[in-house]
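Subject: Structure handover and notes

Dear colleague,

Please find below the structure that I promised to pass on, followed by my notes on it. I would be glad if you could read the notes with the structure open beside them.

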Amino acid sequence: MKFMKLGSRPDTFYTTEAVRSVSSEVSSDLIVQVKGSRYLLHKFPLLSKCLRLRRLCSEAPESKHPHIVQLPDFPGGTEAFELCAKFCYGITITLSAYNIVPARCAAEYLQMTEDAEKGNLVQKIEVFFNSCILNGWRDSIVTLQGTKSLPSWSEELGITSRCIETIASKVVAHPTKANLSHSCSRRGRDDISLCNGAESQRSMQLTKGWWAEDIAELGIDLYWRTMIAIKSRGKMPSSLIGEALRIYASRWLPKTSKGLNIDEKVNSDSGSDSDLVGNITSKHRLLLESITSLLPPEKGAVSSSFLLKLLKAANILNASTNSKMELVRRVGIQLEEAKVSDLLIPSISRTNGIIFDVDIVLSILEQFMLQGQSPPTSPPRAKDGFEKRRRSRSAENVDSEFQESRRSSSASHSSKLKVAKLVDGYLQEVARDVNLPLSKFIALAEAVPDFARLDHDDLYRAIDIYLKAHPDLNKSERKHLCRILDCKKLSVEACTHAAQNERLPLRVVVQVLFFEQTRATTSGGQVTNLPRNIKALLASNGDLKRPTSSLSTNLTGPAEDQWSMSGLKSPKSKISTLRMKLDEEDDLDDNFSRGIGKSSKVKALCSLPTRPKRMFSKLWSISRSASERN
C-alpha cells in the first residue's frame, strides 16, 4: 500500500479530562467542538490555512475569552479534524488509501485550498490521490470502499467516480492478467510502489478473472456501478462477467440450501430483533435484484446451477416479480444443463402444504419450449380429393410427426431429450409429496413433447411413486394419471413390473400385457405373470395357475420405488378370458365414464394408444395363431 507523509514536527497533542490540547508555550485562544469532542487550539496556525474557521471567527464578536467554534456536521469526525489540525501545526501526518477519503473531505469542509495558502492540504491530497492511489490496484479498491462512509462528499469531490473508472480501465486492459492477482488482498502483498520508485520483483501466476474476488469486497451499490463501468467498455468476455457475479453472490447472499423462509422468521420475531432481520432481508433482496440486473445476456455466460440458486434465493427473499421472471427466462434458455437437485426450489406458500414450488418449474419449462418457437407447418396438400382419400394412415402419421417436430423446433432435439429426462427425474422427487395435486403432476409430465421421451421407464417410475404416496386416489383419478403413460415405450423390465403392479388401473395392466404379448410372440419369448387383481377376474374360469414371483431391488433409490424383472416366471396369458372380464368391469364403471354412449368393448379399445382397433385385432390374431401352434 502506498502512503505519503507530510510535516516534520513530533506529535504534541494530548488529552486532559476529555479535552484535546496541543503542547505550546502560548495559551490557546480557539476552542473547536467537533461532534462532542473539544479541542483547545490556537488561531494563528489554523486560520492561516482554513478559510472556514477564518470566516467563523471574523463573524464572532470580539471577546477576551477564546472563540468557540461549533462544527457539528464535520465530515470524517474527530480523527479527520485532528489530522487537518496537525497539518496546520506542521506535525507529521501519514496519508494512505485508508484515510485519504475522510482527510480529503475534511480539508474541503475547512476550505484548506490554495486561496488560503500555497501548498495547502487540498492540493497535496489531490496530487497524492491522482499520482499514487489511482495508479495502484489495491489502493483504488480500498479508497473506493472508504467512500461508503461519506457518500455524498465523495460523489461531490469525484472520488467515487474516479476510483470506479480507474478500476474498470485496469480490468478491461488486462482481463486475464495483471500485476496483482486476487490473492493479494488476503496475503497483504503491496502494489508496485510508483511513488517511491521501487518495483516488485515477484511474478505471480494469474488466473482468469483475477479481479473478481478483489472487487467482491465492495458493497452492492459500488459493486453495481463498477460492473456497469466494466460492461460499458464492451471488451470484457461475458463468461468473466458471469464468473465475477457468481463469486460475489456466493460471498454475500445467504445460504438457501435449507430453504429458510426469512419472512416467516421476521413475523415470528418481535422488537429490535425483528427490525434487524427485516433490514438484513431488505439488503439481501436488493443485492439479489442487482446481481440479476447485471447478468450478461449471452447464453452460457453463467451456469444453470447458479441461475437456479439465484431463483431459489429470490423465492425465499420475496424478490420482485420482474427479477423472478428474468431468472425464470434465463433458466429456461439453458434448462438442459440443470440438475434435478437444482430444480427442488422450496415452496414459500405453506397454505397448501406443498414442499416444492412446482409452479415456478412449470414456468421454466414454458420458457424452455418458447425458445425461438416457429409457427406450425402444414403438410403438402393433395392435388385432388381422390389422392387425398388414398393417403395411407401411416403417411398421415408421418405428416403429423413432421408437423410436431417442426412445431417443436424452438430448441434443439438433443436439448429436449435432456430436459425430458430432467423432468422425469424431478417428477420422481416431487411425487413423494403427499400434498402435491394430481393436476400439477400431470401438467409437469405433459410440459415436454411426447417425442422427447425415447422411453417411459422414468415416467412410469414417477407415476408408481405418486400412486404409492397417494393411496386415496379414486379409480377415475388413477386412470387420468396413467393416460400420460405410453405402454409401447416401456422396456421389458418396466412392463414386467407394471404387469404385476396392483396400484395401476386394470386397463393399463391389460395394455401392458397386450404389448408385451406382441413383443414376446414376435421374438418367440413368453409373457409375464398376471397380477392378483387380474387373476381374480379369471379365477372363476380356472384358467390360470398361481404363479410365484418376486421383485428384486437392484436399482438405486428407495427400495419401495425400485423394480426389476428378475425372478419372474411367464405363464401363457389367457387374453380372451381377460378381455371378457375387462368388458364386464367396464359395464360397472359407468359412473366414471359420465354417460358416454359407447359399449364396454369400444371403450376398452379407445383407451389403447395409437391405432387401437388395428392393434387389438392383430393381437387377437397373434394369440389365436399361437394357441393353434400349441
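In these notes, a residue is called buried when its relative accessible area is under 20%, exposed when that area is over 50%, and partly exposed in between, with a 1.4 Å probe and protein chains only. This is a predicted model, in which local features need pLDDT of at least 70 and side-chain atom pairs count only at pLDDT 80 or more, while totals for chains, interfaces and linings use all residues. Residues are numbered from 1 along each chain as its sequence is written, and side-chain values use heavy atoms, with hydrogens and water left out. Helices (H or I, at least four residues) and strands (E, at least two) are DSSP runs, numbered from the N terminus.

Salt bridges

A salt bridge here is a side-chain nitrogen of Lys or Arg within 4 Å of a carboxyl oxygen of Asp or Glu, and by this rule the count comes to 21. One of them joins E243 to R246, with the closest N and O atoms 2.6 Å apart. These two residues sit three places apart in helix α12 (residues 238–252), and are therefore separated by about one helical turn. In general, an α-helix has 3.6 residues a turn, so residues three or four places apart point the same way. E243 is partly exposed, at 32% relative accessibility, and R246 is likewise partly exposed, with a relative accessible area of 35%.

Another salt bridge is formed by the side chains of K421 and D458, at 2.6 Å from N to O. Because K421 lies in helix α21 (residues 413–430) and D458 in helix α23 (residues 457–469), this pair ties together parts that are 37 residues apart in sequence. K421 is partly exposed, with a relative accessible area of 49%, whereas D458 counts as buried at 17%. There is also a network, in which D11, R20, E82 and K86 are joined by salt bridges that share partners.

E217 and R138 also meet through their side chains in a salt bridge, at 3.0 Å from N to O. This pair links distant parts of the chain, 79 residues apart, with E217 in the loop between α10 (212–215) and α11 (220–232) and R138 in helix α6 (residues 137–146). Both E217 and R138 are buried.

Two arginines

R330, in helix α16 (residues 321–333), is buried yet has no salt bridge, and the nearest side chain of opposite charge, that of E326, is 4.4 Å away. For charge, Lys and Arg count as positive and Asp and Glu as negative, while His and the chain ends are not counted. Leaving aside neighbours within four places in sequence, R330 is in contact (heavy atoms within 4.5 Å) with L295, P296, P297, E298, V302 and L307.

R507 lies in helix α26 (residues 506–523) and is buried, at 13% relative accessibility. R507 and K479 are 28 residues apart in sequence, and their C-alpha atoms are 8.2 Å apart in space.

Helices α3 and α4

The axes of helix α3 (residues 77–89) and helix α4 (residues 100–109) come within 9 Å and cross at roughly 70°, where axes are lines fitted to C-alpha atoms, for helices over the stretch in contact, and angles run from 0 to 180 degrees between N-to-C directions. Angles under 35 degrees count as roughly parallel, over 145 as roughly antiparallel, 65 to 115 as roughly perpendicular and the rest as oblique, and α3 and α4 are therefore roughly perpendicular to each other. Where they meet, A80, L83 and C84 in α3 are in contact with P102, A103, A106 and A107 in α4. Eight of the ten residues of α4 are buried, so this helix is largely enclosed by the rest of the structure; among them are I100, V101, R104 and Y109.

Positive phi values

Most residues other than glycine have a negative phi. Just after α4, however, Q111 takes a positive phi of about 60°. K35, in the loop between β4 (30–34) and β5 (37–41), has a positive phi near 50° and is exposed, with a relative accessible area of 51%. N318, in the loop between α15 (304–317) and α16, has a positive phi near 55° and is partly exposed, at 44% relative accessibility.

With best regards
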